[in-house]
Every structure is written in structure tokens, then in C-alpha cells.
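Visitor: I would like a close look at the aromatic rings in this model, and at the parts of the chain around them. Please take the geometry slowly and give the cut-off behind each term.

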Amino acid sequence: PDVIDGKTFTTTVVDLNPWVEYEFRVVASNKIGGGEPSLPSEKVRTEEAAPEIPPAEVSGGGGSRSELVITWDPIPEELQNGEGFGYVVAFRPSGTTTWIQTVVTSPDTPRYVFRNESILPFSPYEVKVGVYNNKGEGPFSSVTTVFSAEEEPSIAPTGVSATSLSSSTIEVSWTAIPWKISSGRLLGYEVKTS
């Protein structure tokens, strides 16, 4: 409570975060106002509890061939609620029912990379990241879609031709390459001169 009866010498402070060190000061007050605060108490740590907050900003993508890169915002220490904090990364190809899970034991780690030759390029995966500590498991983030790494184009454009338009301008044209949606996003072409 904000104000305690003058004949009371103890109180219970509630709604504190688990596994956080606190120190306390006491101020005597009357109708005139408050006095000087006491010296701080010794630091006291609240007990541990299972984590309550999942990582935010779960996303990913990119990486090298045959990789699924998953990223998240790490949980700050004051919200880890205990020792032995880490992450549970769960993912599955979109449309399947079985989750693949792995544990990331470092609380500061913001990413996990799954490497496997069976990963097809630019394939959608459902991804979620949960939390745990020595007291138990906490919640998972909401499920988001992350694409596996793209594959570079395997063929070159054909039908390349050039036409002079002026003393300083040449128009270059080519036939678009056939592109599979499953391989990635065709961002554009690069024209090189020699």
C-alpha cells in the first residue's frame, strides 16, 4: 500500500517480477509531508517462476542454400523469471502437422539456422519460438511464415541484342528467363558491359 498506518511496521509488497533483485526504502510521513527516506534495505531477490512472455518479432528468411533462418527479439533478463533460460524453436513445412523442435540455450541468442540438404529453395515454413527456464516452459509466440533460402538463377537470359541509339546510348534487350516460383523471387537483371 502507498500509506501504512503509523502503528504498523511491516507490509507486503505485491506484483513484483519473479527473479529480480529489489531494495526498499521507507519514508515516514504526517500531515505536513514526508520525511527523508531510510537507507536502502539489503537487496532481496524474488523467487523464480516459469517465463510468461514469448519472444516478439519472430521472422527470418535469407541465408544460404538448404538453410532456414529463424530470428526473434531476445527476452530481456528482467523478464526471464529464473536461471537456465533459453528458447524452444519449433518449425514445420507449411501444410504439415508435425513440428520439428530444437533448444537454443543462450538467452542472448537472436537466431537459429536449420541446415538440411532436403530443404527446397524458397519454401514456406510455419515457425514459432517459445521460452523456458529451470522452473518450466513458458508460452510460444504466435505462428508466422518464414521462407527458406532462395536459390540463385541457374540459367542466363537468352536472345541478348544491342542496338545503337546515339553516340552515347545503346539499347540492350533480352528474353526473360523461365523462373520457377519455388526457387525464389526474381528481383531483376544485371547488365554488364565488356
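**The aromatic rings and their surroundings**

Guide: A search of the whole structure finds seven aromatic pairs, where rings of Phe, Tyr and Trp (its six-membered ring) are paired if their centres lie within 6.5 Å, with planes under 30 degrees apart counted as stacked, over 60 as edge-to-face and the rest as tilted. This is a predicted model, in which local features need pLDDT of at least 70 and side-chain atom pairs count only at pLDDT 80 or more, while totals for chains, interfaces and linings use all residues. Residues are numbered from 1 along each chain as its sequence is written, and side-chain values use heavy atoms, with hydrogens and water left out.

A pair of aromatic rings is described by the distance of the centres and the angle of the planes. One of the pairs is formed by Phe-91 and Phe-114, whose rings are tilted, at 4.9 Å centre to centre and 50° between the planes. Phe-91 belongs to strand E7 and Phe-114 to strand E9, so that this pair links distant parts of the chain, 23 residues apart; strands (E, at least two residues) and helices (H or I, at least four) are DSSP runs, numbered from the N terminus. Phe-91 and Phe-114 are both buried, where buried means under 20% relative accessible area, exposed over 50%, and partly exposed in between, with a 1.4 Å probe and protein chains only.

Phe-122 and Phe-147 form another aromatic pair, this one stacked, with 4.6 Å centre to centre and 20° between the planes. Because Phe-122 lies in the loop between E9 and E10 and Phe-147 in strand E12 (residues 144-147), this pair ties together parts that are 25 residues apart in sequence. Phe-122 is buried, with a relative accessible area of 13%, whereas Phe-147, at 34% relative accessibility, counts as partly exposed. Besides these pairs, Trp-72, Phe-85 and Tyr-87 form one aromatic cluster.

Several of these residues return in the largest nonpolar core, which has 18 residues and in which Leu-68, Ile-70, Trp-72, Tyr-87, Val-89, Phe-91 and Tyr-112 have the most contacts. A nonpolar core here is a set of buried Ala, Val, Leu, Ile, Met, Phe, Trp, Tyr and Cys residues joined through side-chain atoms within 4.5 Å. Strand E6 (67-73), strand E7 (86-93), strand E9 (111-115) and strand E10 (124-133) are the elements that give two or more residues to this core, and E10 gives the most, with four residues. In soluble globular proteins, nonpolar side chains tend to be buried together.

Ser-59 is found in strand E5 (residues 56-60) and is partly exposed, with a relative accessible area of 33%. Not counting residues up to four places away in sequence, Ser-59 touches Val-69, Ile-70, Thr-71 and Val-146.

Two residues deserve a backbone check. Most residues other than glycine have a negative phi. Asn-81, found in the loop between E6 and E7, has a positive phi near 65°, and Asn-81 is buried, with a relative accessible area of 3%. Trp-19 lies in the segment before E1 and has a positive phi near 55°; at 14% relative accessibility, Trp-19 counts as buried.

Notes
Contact = heavy atoms within 4.5 Å.
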